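Hi,

Here is the structure I promised to pass on. Have a look at it first, and then read on for what turned up.

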Amino acid sequence: MKTHSSNHEIDMESRRLVEDKERPVRSKRVITIHNQALLSGFAYCISSCSMILVNKYVLSSYDFNAGISLMLYQNLVSVVIVSILSLLGVVKTEPLTWRLIKVWLPVNVIFVGMLVTSMFSLRYINVAMVTVLKNVTNVITAVGEMYMFNKHHDNRVWASLFIMIISAISGGITDLSFHAIGYTWQFINCFLTASYSLTLRRVMDTAKQVTKSGELNEFSMVLLNNTLSLPLGVLLIFVFNEVDYLLQTPLLRLPTFWLVMTFSGFLGLAISFTSMWFLHQTGATTYSLVGSLNKIPLSIAGIFIFKVPTSLENSASIFFGLLAGVLFARAKMR
């Protein structure tokens with residue numbers, strides 16, 4: 001899932017704990033809060049890393065040539081689970097009214113394009129290079145913020161963005177498994193991801209005005225985005241002619257394949273839940289920094305799990321790209 005709470009710039013790290021007079025009680029409370037933060041951070045890292053690795057496994061190891069269908073199935077799983085949780089009263093979601101749908105539809109089109117291009121690029125590019133190339137999104141977003149919201153960044157931010165660009169270029173040049181189609185899809189994905197982030201900020205305020213409660217929480221966004229993506233996903237399946245492939249592929253007759261596909265759907269939903277949990281337990285700054293650090297084990301795991309051929313030059317490019325992501329997160333904190 002791409003509807004993460006990192007788009008909301010909420011810093012909850014300045015929260016003050018109420019001091020108790022009895023020292024043993026105070027110590028016990030601090031330990032509980034630290035455990036919650038650690039557990040939520042661990043859950044977020046595991047779910048986000050697993051989602052990319054499982055998608056790569058389905059698209060490459062199974063050689064499943066229907067990325068839009070995979071996206072559609074994952075979104076369907078999310079809709080079913082959130083709807084059940086909403087009916088049981090576990091989570092609270094806003095009703096999908098026509099007014100809300102009309103406001104949200106332009107954002108949803110970008111959202112679907114973002115997911116589809118991500119699937120297409122992941123099929124051709126190794127996980128480590130995908131994480132490095134995704135840094136281009138930060139560059140586009142920073143420029144967009146400057147022109148759309150008149151937001152200015154200091155020299156540390158621009159320096160880290162410059163390193164990101166250099167690492168992406170050098171990484172592509174030294175990539176032993178370079179694939180032009182995959183890189184094209186990834187750069188389109190970066191543009192769409194940045195567009196989604198920038199558009200979401202403008203649409204959120206309008207969307208809240210047309211909801212019954214005047215709010216739009218994470219669960220409502222997950223349900224709204226994924227529900228609206230279903231008819232558009234079905235249309236794209238016919239446009240990209242995936243129907244013939246689905247009718248012919250023997251993969252759909254394998255129970256293990258369906259198990260992996262369903263698991264990927266659960267992971268997509270888990271990212272939304274764990275990201276919100278982690279954000280509430282820590283804050284936007286810690287969330288952003290952990291998200292950047294999380295790319296390091298993900299890249300290493302991707303190289304070893306899928307046995308990606310690499311060179312010293314390419315590894316250095318990946319390392320500097322990941323380092324630039326960490327520097328960028330730290331610079332944004334200041």
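Helices (H or I, at least four residues) and strands (E, at least two) are DSSP runs, numbered from the N terminus. The expected span of a helix is 1.5 Å times one less than its number of residues. Before the findings, some ground rules: this is a predicted model, where local features need pLDDT of at least 70, side-chain atom pairs count only at pLDDT 80 or more, and totals for chains, interfaces and linings use all residues. Residues are numbered from 1 along each chain as its sequence is written, and side-chain values use heavy atoms, with hydrogens and water left out.

First, the overall picture. The protein chain has 13 helices and zero strands. Its average pLDDT (the predictor's confidence in each residue, from 0 to 100) is 84, and 87% of the residues score at least 70. Please be careful with residues 1–33, where pLDDT stays under 50. Of the 334 residues, 49% count as buried (under 20% relative accessible area; exposed is over 50%, partly exposed in between, with a 1.4 Å probe and protein chains only).

Now to helix H6, residues 155–174. Its 20 residues reach 28 Å from the first C-alpha to the last, close to the 28 Å expected. Buried residues in H6 include Val 157, Leu 161, Met 164, Ala 168 and Gly 172.

Next, the cores. A nonpolar core is a set of buried Ala, Val, Leu, Ile, Met, Phe, Trp, Tyr and Cys residues joined through side-chain atoms within 4.5 Å. The largest one has 70 residues, and Phe 64 and Trp 104 have the most contacts inside it. H3 supplies the largest share of this core, 13 residues. A second, separate core has eight residues, among them Met 164 and Ala 331.

Ser 121 is buried, with a relative accessible area of 1%. Its side chain makes a polar contact with the side chain of Gln 186, at 2.9 Å (a pair of N or O atoms within 3.5 Å; within protein, one must be able to donate a hydrogen and the other to accept it, and residues adjacent in sequence count only if both atoms are side-chain atoms).

Best wishes

How values were computed
Contact means heavy atoms within 4.5 Å.
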